[in-house]
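Subject: Structure for your review

Dear colleague,

Please find below the structure that I am handing over to you. My findings follow it.

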Amino acid sequence: MFYPQEMTEIEIIAPAKDLIAITKVLSGQGIFSQTDVNYLGSDKNHPQANLWQEKAAAYSILERRLHSILLSLSVQKSSPKQRDYDTLIDVEVAKRIVDEVEKQVKDLVDQINHETKKIDHLKTVLMQIEPLSGIDADFSQLQNARYIASIIGIIPNENVERLSTSLARIPHELFTLSQKQQKSVVWLAASRENLDMLERAARSAYLDPISLPQDYQGTPAQIVESIKKSIQDSEAAIEKLKLPLTEIRKAKESELTDLLWDIKCSHLTTNAILKYGRLKYTYIIVGWIFSSQINNLKDKLKAITQDVLIETRTVKRDKDTNEVPIALNNPRMLRPFQMLVSNYAEPKYGELDPTPLVAILFPLLFGAMFGDVGHGLIITLFGFLGMTKKAKFMKGLGGLNPIIFACGIMSTIFGFLYGSILGFEHVIPALWLHPGEDIMTILIITIVAGVGVLSIGYLLNIFNLIKMKDWPNLIFSKNGIAGLWLYWALLGTGVALALPAYGLPKIPFIVAAGIGVVAIGGAEVFIRLMEGHRPLIHGGIGMFAVQVFFELLEVFISYLSNSLSFVRVGAFAVAHSNLSGVFFILGGMVSPTQGVGYWIVFLIGLVFIVGFEGLIVGIQTMRLTYYEIFGKFFNGGGKRFEPLSLHPAEND
Amino acid sequence: MSFNATSDYAAGNARVRVKYSTLLTRKDFLALSEAPDLDSLFTQLKTTVYGSYLELAKDKELNARRAAFLIRQRLSDEFHTIINASPDSAKTVLLQLYRMHEVNNLKAVLRGIVINSSWDKVRFVLFPLRSEGVLPAQSMVETGNVAQAVELLKGTLYYDTLAFAMNRYSAEQSLFPIEVALDLAYWRELWNDVKKLPRDDQEYAARIIGSMLDMNNLMWAIRYSVYHKLSEEEVINYTLPFGYRVHDDSIRSIAAGAEITHIVKHIYPELRNVDDVLLDLHTGLPKLEMMLEKQIAQKCHGVFEGNPFQIGIPLGYLVLLDYEIRDLTVLLEAKSNQIPVDKYNEFLTFDLMK
């Protein structure tokens, strides 16, 4: 629970005959992440080596063709049936079915496409010619002039000037007839003896000549009318052609969607096999598996064949490695909080998984900032409705719902501690204090709590460094022992100087702080010394001193800002109680006798507080978690465990 | 230098300066170059900042092509980090510069389709773009057809450019007009974005991006004239009418058949040995290109002196890193094919023989 799932690298040498069964076992349980080792192979040119490549390509083509058929038939996307997809569908069988349906559909679809393309083409021509409607001249005559060669066409706007430049050495005319967004319709003309040059220039400027359909004659206005009529005819033809397609869909829909899922699954299987290494009669499968499942998997593989060879390699957690995929391993209750961690970064293999800490701190901080029995229960209810999928509007929040639920419960508990219900501060007794009345107390308490949380962060980082055996950073880094030492020494010095009543001795704390400053200031030198790197100082003593000064300044500022950052917890608790008060005052202004108007304002306030303030508090909680807490001990950078799955629904 | 520029660039550029110090030094390059074979080069390279990238693959998986693919991820990561830390005005230009790799990917995908390559072969020559990319590269390759692949780009900023060029492709069955159209559209947009920058930034960006544009435009004009023997009007239409030092009259002169050495010397009087280099244009052009790239690299180093709050710093660093990775790719290829240093040195932006 405190570390990512323990992983073992597994190498399986499997006989070709059992390949599919072994692949299915590996994919079926979500415990195996595949590594691409297709570069391993004794004979790449062996016909067997290309077999899977060909199969994968065939499935890919069939899948695409079937998609295209289903699209033509307007079949809606559906989920695959709940069954095992444990065999590869025969390519020939699938091809025969696809060929047959395609044959029926293709002719109709081709005709529809033909008519659609015709409409598109006519619309394009129409768009080009419509701006020319005002020109009272016969286009065909213009294009067949005896001495002048001309091209009417569409050109990207940015090429117009360049086209003219490119023809600078011959007499020519270039008129922009119309201009829309990125394209212009232009008429380019020159003497017929320069036709070659004209065409070369037009082609190289990407001028796409408009070819007027042969059937259309006359002035642009006459052509426009004829084209509009042709478009209407084609649209009517398309409607007629769609009727038999509907019949085919009714008859074949179920069969074709099932076939699609079969092909998809077979395609996924062949793609997985393509990532295996190939020897002459065997295949090499490499990947990562949960260590706890090794024996289970071995048993299952041996049950398929005794000829399988299995090698395993465990990786210790004390290495700063990126090669091991990360699967977080938390009890069901904590899993929603994994999302918050993964959203920040996946932990590295040897790094503590911060999910348990987040699962405690996140709702706690939220509840402390948003303590109200009524508001908390409303949030709890929303979270519950979302979790049980009873409220559609909460569905979109998916995995956030359990977090909302937990935050709501904490908010309710703090509501009892603060004696606050729906903004009414004195209806129930405060089991602890009223934030709105004990402002200084709550602010001080939250800072002290913040110091505690930050110290936990430091301690966790120290633990990580010990685990990684990173001794230099453990001792000297600003988030290691020296950092924690200096932080507490400064806190002690501050308390001793500012609050003499507590009777803390000043000198020991000041000396301790001095030691901390030396350790952190000279960290780079000490670390280089321990690691045996030379020179100890780069760029001279002066440069080093300036660097140390600014580094220490940054450390002091971050101690201060990180600690004070937790003031926001108290500040939000105070703001929450006062914000409700504002709506009571507004309600009183609308209806001094606490009539309907008063309660309408109260309801608006309720929506505002639960919706808007709740969101802001959520963001602040996330900020505290990510920056103040994670920043102390959590580096992340691991790569996510992607289990091999051949079930089509999981890969769709 | 305005207060805004100072506050906008202070944090981001400080980080870029730190990153700048992680560029490989002469000592690093010499050590890499002295590696006797590819495996030793991997070992040596793993001691540098590229180590963590190479470790993404197992030793047995590493070959020159895979290593080149892995180390390119550093550039992608750096673009990502730097763009996020840059002010909004600079982001547009930096994103546009990043898009150059997407344009190159698009060209590589189309080439892959034309030569019937599988996705497994094409994927490792692509630049590892992060999620900002709009290319459905794998689906495009799997169509096996240029026209269908282009249809997959509907709705992207490439579609309109490609729609015009596809008419040419259908008629000529050559990717040349498509690649030219993509290049011209890309550089035109990048230059437009540079022109929209605040005045101070514009000068720094023009110095770097303008020099890159100049180099490309000049090389296009010369190659179209000399290698492809295109007509004057075609050369003009396939080049750009603007630049930093290379102006349209020079391009038009090249298109009209003027003496190329004379024009190059006129544009870059500071370049030495131009006569010798361009004595044979066919062999001389790649050398001229390298000379111009080295000049750009110098300009990129130059922006780190003086005003610290300007766009030149992230741009300069990213261009230098790009050159560094290209140099490493040359080294990887050279070691993998056992090519001696005097042969591959001329293809490096970093001069090992100095």
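In this predicted model, B:Val109 is in contact with B:Val122, B:Leu135, B:Ala137, B:Met140, B:Val141 and B:Ala149, its neighbours within four places in sequence being left aside. B:Val109 also belongs to the largest nonpolar core, which has 95 residues. With A:Leu207, B:Ala181, B:Ile208 and B:Ala221, B:Val109 is among the residues that have the most contacts inside this core. Helix H12 of chain B, residues 199–226, gives the most to the core, contributing 12 residues. There is also a second, separate core of 59 residues, including A:Phe362, A:Leu460, A:Phe476 and A:Val555.

The contact between the chains takes 19 residues from chain A and 17 residues from chain B. On the side of chain A that touches chain B, the elements giving two or more residues are helix H5 (160–166) and helix H6 (195–204) of chain A. The largest share of that side, five residues, comes from H6 of chain A.

A:Thr23 counts as buried because 25 other C-beta atoms lie within 10 Å, where 20 or more are required. Not counting residues up to four places away in sequence, A:Thr23 touches A:Thr269, A:Ala272 and A:Ile273. A:Thr23 and A:Leu644 are 621 residues apart in sequence, yet 9.2 Å apart in space, C-alpha to C-alpha.

Yours sincerely

Conventions
Residues are numbered from 1 along each chain as its sequence is written. Chains are lettered from A and ligands numbered from 1 in the order in which they are written. This is a predicted model: local features need pLDDT of at least 70, side-chain atom pairs count only at pLDDT 80 or more; totals for chains, interfaces and linings use all residues. A nonpolar core is a set of buried Ala, Val, Leu, Ile, Met, Phe, Trp, Tyr and Cys residues joined through C-beta atoms within 7 Å. A residue is buried if 20 or more other C-beta atoms lie within 10 Å of its own, exposed if 12 or fewer, and partly exposed in between; C-beta atoms are placed from the backbone. Helices (H or I, at least four residues) and strands (E, at least two) are DSSP runs, numbered from the N terminus. Two residues are in contact if their C-beta atoms, placed from the backbone, lie within 7 Å.
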